[in-house]
Amino acid sequence: EVTINYRHGLPVITLTLPTRSERCRFTVKPMVTTVGAFLQDVQREDKGIEKAEVFATDGSKVSDATLMEVLLMNDFKLVINNTAYSVSPPVKDKLSSEHATDMEDIKSLVHRLFVALHLEDHQIRKERELLQKLDLLKEELLPLEQMKARIIDGADTKTSRLLWVGLALMSTQGGALAWLTWWVYSWDIMEPVTYFITYGSAMAFYAYFVLTKQDYIYPDAKDRQFLHYFYRKSKNQHFNVERYNKLKEDLAEAEESLRRLRQPLHLRLPIQEINDKD
């Protein structure tokens, strides 16, 4: 037989140990002790207990993570080895609304005291972890940053060179057309030539739009060519762009976490209050 009595506000579960054949009392703290912890205490008391489980009245197994306070609200079955015990917890007097409010105030005060005593240590430990993570990320990013700087310089040089080559070709074309118009042929002959050159340029710009889905705007075209050279050189030099971007994101996230962690330390406010204000 398993009996439950309340003594000094705490439930006392009395049961018979199967191996020792003697009654044993177990005092539990319902708001802290779980079903699994209670069963472990029973098995620890009697080494002959091979299996201890708790089932609800409908036959479903009660999780070990369930608090004893929840378990003691209803009848249940305690199975020790192959013996099942039906347990009916006594009805506990309900607290008055005023007493319940006082209990909630005490719980809130205890929680605030715990936060006040342990928050600073937690923040210091978290800050140390973030600083170590920042050092590791910066150390891993340093060679990638140097390689990226070299690749950017090379891509920028090739892009600028291409722009100057384009300017030289346009100047050469204009000079050649002027020479053919005034010194070799007449405007009557060169007019159709310039027309088809203009029409060919329009076709080239339209083809650029068809291929890139973008208008041919000089700054955008320059940036597109720069990216083309950048990714081609990155591939040749085995520069992992995705890995670099991931490290930069992790670094920014760690720096932001460190900033948010240090802000409540400076203001003497808990972190959750800062989060609520955001």
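# Exercises on Strands, a Sheet and Aromatic Rings

Strands S2 and S3 form a hairpin with four residues between them, and Ser 21 in the turn has a positive phi of about 50 degrees. The model is predicted: local features need pLDDT of at least 70, side-chain atom pairs count only at pLDDT 80 or more, and totals for chains, interfaces and linings use all residues. Residues are numbered from 1 along each chain as its sequence is written, and side-chain values use heavy atoms, with hydrogens and water left out.

## Exercise 1

Determine in which sense S2 and S3 pair, and over how many bridges.

**Solution.** Step 1: helices (H or I, at least four residues) and strands (E, at least two) are DSSP runs, numbered from the N terminus. Here S2 covers residues 10–17 and S3 covers residues 22–27. Step 2: two strands pair if DSSP finds at least two bridges between them. S2 and S3 have six bridges, in the antiparallel sense.

## Exercise 2

Describe the sheet that contains S4, S5 and S6.

**Solution.** Step 1: the three strands form an open sheet in the order S4-S5-S6, with antiparallel pairing. Step 2: S4 (52–56) and S6 (83–87) are the edge strands, each pairing on one side only. Step 3: from one strand to the next, the twist averages 25 degrees. Axes are lines fitted to C-alpha atoms, for helices over the stretch in contact, and angles run from 0 to 180 degrees between N-to-C directions. Step 4: S5 (residues 76–80) is joined to S6 by five bridges, and the bridge partner of Val 79 in S6 is Ala 84.

## Exercise 3

Classify the ring pairs of Tyr 195 with Phe 196 and with Tyr 199.

**Solution.** Step 1: rings of Phe, Tyr and Trp (its six-membered ring) pair if their centres lie within 6.5 Å; planes under 30 degrees apart count as stacked, over 60 as edge-to-face and the rest as tilted. This rule gives eight aromatic pairs. Step 2: Tyr 195 and Phe 196 lie 5.3 Å centre to centre with 75 degrees between the planes, an edge-to-face pair. Step 3: the rings of Tyr 195 and Tyr 199 have centres 6.5 Å apart and planes at 15 degrees, so this pair is stacked. Both residues lie in helix H4 (residues 187–212), four residues apart, about one turn of the helix.
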